[in-house]
Amino acid sequence: LDFAAQVPLAQFPGQPTSASNLWGFVDLNDNREYVVIGLRNGTAVVDVTDANNPRQVGSVPGAASAWREVKLLQVRDVAANRWRTYGYVTTEAAGSGVQILDLSGLPTSITLGATLQDTSTQHTPYISNIDYATNGALPGTAPHLYLAGSNLAGGAWRAYSLANPLAPQLAGTAPVGAGYMHDSVGLLITDVRASQCTGARNPCEVLVD
């Protein structure tokens, strides 16, 4: 590994005093590479295509919190013949909900596309059924957004359909008494183990709580 560059916190808008998490992706439209970083006072996108010369593209402000995390989804817009990218930002700042960033304006701009107000706070987001090399849906599957550690039901998981990426719809919640979930990951089982799933569904979706 070689150290290529650094963007000091003082160079981000509002000069945040901390950052908590980041996620990277390659835009399938032009193969440019980006980092989306959760800052204490918002979320910023940095173009790292030229690793030696990172370039801030833009930022979206958010309520102050030591914790802000993001996961991404790339969706093919057939009518426009291009990919559209959305970022789902969670934070523990009261009243924040889930910010949905529209990154389709890259490489020039980003915007706040919507805010999901179904919850007030949440610790982490997770998106199932996607290829994390591209953040695009696995063939024949439907991505779902999972929220962990929200202010509802003691922080148990909540699942949302992303059929409309800018308007997630609640698809299911954890059983009563499931308890707090801090983080999550999922997997898609397509081999003989699927026979152990409810209804012996194949493929079988598994959430690791």
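Contact here means heavy atoms within 4.5 Å. This is a predicted model, in which local features need pLDDT of at least 70, side-chain atom pairs count only at pLDDT 80 or more, and totals for chains, interfaces and linings use all residues. Residues are numbered from 1 along each chain as its sequence is written, and side-chain values use heavy atoms, with hydrogens and water left out.

**Asp-47**

Strands are DSSP runs (E, at least two residues), numbered from the N terminus. Asp-47 belongs to strand S3, residues 42-47. Is Asp-47 buried or exposed? Asp-47 is buried, at 2% relative accessibility. Buried means under 20% relative accessible area, exposed over 50%, and partly exposed in between (1.4 Å probe, protein chains only). Beyond its neighbours within four places in sequence, Asp-47 touches Arg-32, Glu-33, Tyr-34, Asn-53, Pro-54, Arg-55 and Val-57. Its side chain also makes a polar contact with the side chain of Arg-32, at 2.9 Å. A polar contact is a pair of N or O atoms within 3.5 Å; within protein, one must be able to donate a hydrogen and the other to accept it, and residues adjacent in sequence count only if both atoms are side-chain atoms.

**Two cores**

A nonpolar core is a set of buried Ala, Val, Leu, Ile, Met, Phe, Trp, Tyr and Cys residues joined through side-chain atoms within 4.5 Å. The largest has 13 residues. Those with the most contacts inside it are Phe-25, Val-36, Val-45, Leu-103, Leu-106 and Ile-110. Strands S2 (33-39), S4 (55-61) and S5 (68-77) each supply at least two residues of this core. Another core lies apart from it, with 12 residues, among them Ile-127, Leu-147, Tyr-160 and Leu-162.

Ile-110 has contacts outside its sequence neighbours within four places, including Val-45, Val-57 and Leu-103.

Tyr-160 sits in strand S13 (158-161). Tyr-160 is buried, with a relative accessible area of 1%. Leu-145 is 15 residues away in sequence, yet its C-alpha is 5.0 Å from that of Tyr-160. Leaving aside neighbours within four places in sequence, the contacts of Tyr-160 include Leu-116, His-144, Pro-168 and Ala-171. The side chain of Tyr-160 makes polar contacts with the side chains of Asp-118, at 2.3 Å, and Arg-158, at 2.9 Å.

**Loops and backbone**

Ser-104 lies in the loop between strand S7 (98-102) and strand S8 (111-116). Ser-104 counts as buried, at 11% relative accessibility. Setting aside neighbours within four places in sequence, Ser-104 contacts Arg-82, Arg-84 and Thr-85. Pro-107 is also in the loop between S7 and S8.

Two peptide bonds are cis:

| Cis bond | Omega | Place of the proline |

Gln-15 is not a glycine, but has a positive phi of about 45°. Gln-15 lies in the segment before strand S1 (19-26) and is exposed, at 55%. Asn-81 also has a positive phi, near 55°. Asn-81 is in the loop between S5 and strand S6 (82-91), and counts as exposed at 56% relative accessibility.

Conventions
Helices (H or I, at least four residues) and strands (E, at least two) are DSSP runs, numbered from the N terminus.
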